[in-house]
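Subject: Structure handover

Hello,

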Amino acid sequence: MKTLKLKKSLVALTSAALVSVFAVAIPSTANAVTTCVQEAITVNGKNVDYEKCTGTDFRGSKYEIRMPSKFNGTMMLYSHGIRYNVDLPPIPVVAPTGLARNYAPEIAPTQEVGELLLSQGFALAGAGVQIQGWNVTEQVYAALEVNAIARDKYSKINKVVAWGNSLGALSSQALAEQYSGLFDAVGAMCYADSALSEITMAGDFLWGVKTFFDPTIKLAGYSAGTAGYLEMLGDIGKVLVVFQSIEAAITANPISPTWPATSTVPAALKALPVRSAVLMLGLMSGISTQSNTFDASSGPAGALETGFGLLINPALAVLENGSTAALLGVVAGYDLEQRAGGIIFDNSNTDYVARLGADADTYAAALSGQSLGIAGMGAYLNRLNPAAPRVKSDPAAVAKIKQIYEPKGAITVPTITITATADQVTPPGATQYLIDQYTSAVSDGKATKGMLVNIWNKPADEYTQFSAAGSPVKPAVDTNGTGHCNFTTSQYMTVAKLLGAAAKSGKAPSAKTVSAAIKNDSNWFVDPTYRAPFLKYRQ
């Protein structure tokens with residue numbers, strides 16, 4: 001039988017995934033001082049002059065405003081995604097040189113997008129927020145402050161678009177719902193669900209990693225102070241070791257890779273290929289089986305083409321996606337516990353086999369069969385198995401997290417979402433929940449009909465590439481429709497243009513307008529009949 005040569009791919013692929021969501025720039029230690037200066041940049045050969053104002057609001061959040069000399073009347077108010085609420089020492093793969101908490105303001109999804117918007121006459125604004133982590137409340141306040149500062153300084157601002165990525169998208173929607181009349185349009189990109197939804201997804205996956213591969217991972221109930229911080233760092237290290245061990249096993253034998261040495265599951269379970277266990281964890285927690293490199297269906301040309309696509313490709317996608325999900329479970333779980341003063345994650349009554357649903361049939365072969373793989377792994381994960389202890393949340397801590405404002409779908413201004421169907425951090429079910437909330441709010445007379453437009457971002461059906469030796473090859477450009485907030489400059493600018501027009505007209509773009517705007521983008525589609533599965537917390 002032909003041996004697939006995977007050695008050059010997997011470590012690099014999963015290592016890149018571990019870094020993708022959490023890497024942030026180390027901020028300057030200098031204190032922000034409110035000041036305005038004139039600056040100029042060249043964009044596509046065009047000179048763009050603008051006034052840049054920076055400062056710190058009364059709560060301690062840094063802000064930045066850029067006002068172009070040729071202003072079109074609309075300001076884009078940006079809210080960034082989640083950032084670490086702790087400093088990290090040097091950690092291989094995750095933070096090779098260490099990471100400090102980042103409080104710097106962001107005014108656009110990327111520098112290139114910001115420069116293009118300035119060149120088109122849009123003013124830009126954004127905050128850094130004085131508290132990071134799951135900071136929806138603080139982010140809303142920071143956005144309110146920079147909006148007020150900008151409007152007070154520049155009376156010529158007549159329209160404001162609130163937009164954001166990930167947690168910033170959730171914050172932007174919360175901002176618009178709570179302060180009706182302040183904003184003229186909302187852009188929610190890679191929209192996040194509630195803290196409990198996100199931590200359920202990430203926590204389920206991390207609990208599975210702990211239960212199958214390393215029971216010494218703490219997962220929940222981190223201690224207070226320095227001890228808890230060190231426990232969290234220890235979990236990051238253990239997760240890395242597990243994934244590196246699985247990578248090495250698949251490299252050595254992709255058909256029947258062995259389990260990590262740290263695993264304590266019985267020998268009967270270890271007789272299954274570890275790739276089946278990885279896929280099981282992904283399916284039960286809601287991690288996509290399409291990733292940047294793996295499309296869940298393709299195989300290298302030759303004898304193993306069908307087998308690879310059916311048995312191995314989906315598991316490798318979960319492995320690539322799951323690394324970031326596992327770290328989200330560690331870092332976000334720790335952050336939420338510190339905020340709430342107790343355990344947030346709860347799987348005390350979760351039926352993980354039932355969670356598989358139709359996937360139990362779809363991926364039966366990759367899971368090593370119904371009677372052996374699914375039944376065997378399901379029995380070990382069962383809540384009655386003392387070797388797989390469940391986690392019970394602290395009701396008071398959960399109640400505290402539930403006090404964080406969660407959008408209700410009360411949309412009264414033009415709102416546009418863009419959502420990747422294979423996002424492993426903010427899955428499309430988060431946007432689907434917003435859609436359903438909105439539909440209900442319209443029925444109850446709490447939202448304006450026809451104000452929500454949803455653009456879905458889907459990868460091609462087949463895109464995994466292989467070398468001549470049969471090794472999967474990481475794409476030179478990240479696969480659009482996969483990954484977290486992985487949108488192109490063109491896609492961001494398309495949404496910004498639609499939002500700017502909607503803010504001025506007060507109307508959401510028509511289907512004809514959206515179709516014309518996205519006609520050259522093969523990854524985008526608009527379909528009112530499309531439904532993404534909810535995150536497991538909502539099911």
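Below are the ground rules, the overall picture, and then notes on single residues.

This is a predicted model: local features need pLDDT of at least 70, side-chain atom pairs count only at pLDDT 80 or more, and totals for chains, interfaces and linings use all residues. Residues are numbered from 1 along each chain as its sequence is written, and side-chain values use heavy atoms, with hydrogens and water left out.

Confidence

The average pLDDT of the chain is 93, and 94% of the residues score at least 70. Here pLDDT is the predictor's confidence in each residue, from 0 to 100. Over residues 1-15 the pLDDT is below 50. Beyond near neighbours in sequence, that stretch still has 40 contacts in the model. A contact means heavy atoms within 4.5 Å. Residues 18-32 also stay under 50 in pLDDT. The model gives residues 18-32 36 contacts beyond four places in sequence. Where pLDDT is low, the predicted coordinates should not be read in detail.

Overall picture

The chain has 16 helices and 12 strands. These are DSSP runs, numbered from the N terminus: helices are H or I with at least four residues, strands are E with at least two. The C-alpha trace spans about 70 × 50 × 50 Å along its principal axes.

Of the 539 residues, 59% count as buried. Buried means under 20% relative accessible area, exposed over 50%, and partly exposed in between (1.4 Å probe, protein chains only). The chain exposes about 20,900 Å², and carbon and sulfur atoms supply 55% of that area. Accessible areas come from the Shrake-Rupley method with a 1.4 Å probe; for residues, only the protein chains shown count as cover.

Among contacts between residues at least 6 apart in sequence, 75% join residues at least 24 apart. On charge, there are 41 positive and 40 negative side chains. The centres of the two sets lie 2 Å apart. Lys and Arg count as positive, Asp and Glu as negative; His and the chain ends are not counted. Each charge is placed at NZ of Lys, CZ of Arg, CG of Asp or CD of Glu.

Positive phi

Val129 is not a glycine, yet its phi is positive, at about 70°. Val129 sits in the loop between strand 5 (123-127) and helix 3 (136-153). Its relative accessible area is 1%, so Val129 is buried.

Cys190 also has a positive phi, near 50°, and is a residue other than glycine. The loop between strand 7 (185-189) and helix 5 (195-213) holds Cys190. Cys190 counts as buried because its relative accessibility is 1%.

Residues in helices and strands

Thr74 belongs to strand 4 (residues 74-79). It is buried, at 0% relative accessible area. Leaving aside neighbours within four places in sequence, Thr74 is in contact with Phe122, Ala123, Lys159, Val161 and Lys504.

Gly208 lies in helix 5. It is buried, at 0% relative accessibility. With neighbours within four places set aside, Gly208 is in contact with Phe213, Leu281 and Met284. Gly208 and Arg531 are 323 residues apart along the chain, and their C-alpha atoms are separated by 27 Å.

Gly376 is in helix 12. At 25% relative accessible area, Gly376 is partly exposed. Its contacts, leaving aside neighbours within four places in sequence, are Leu269 and Ser371.

Loop residues

Leu99 is in the loop between strand 4 and helix 2 (111-119). It is buried, at 10% relative accessible area. Leu99 and Pro89 are 10 residues apart in sequence and 6.5 Å apart, C-alpha to C-alpha.

Ser393 is in the loop between helix 12 (369-381) and helix 13 (395-402). Ser393 is buried, with a relative accessible area of 14%. Ser393 and Phe345 are 48 residues apart in sequence, but 5.6 Å apart in space, C-alpha to C-alpha. Beyond four places in sequence, Ser393 is in contact with Ile343, Ile344, Phe345, Asp346 and Val398.

Best regards
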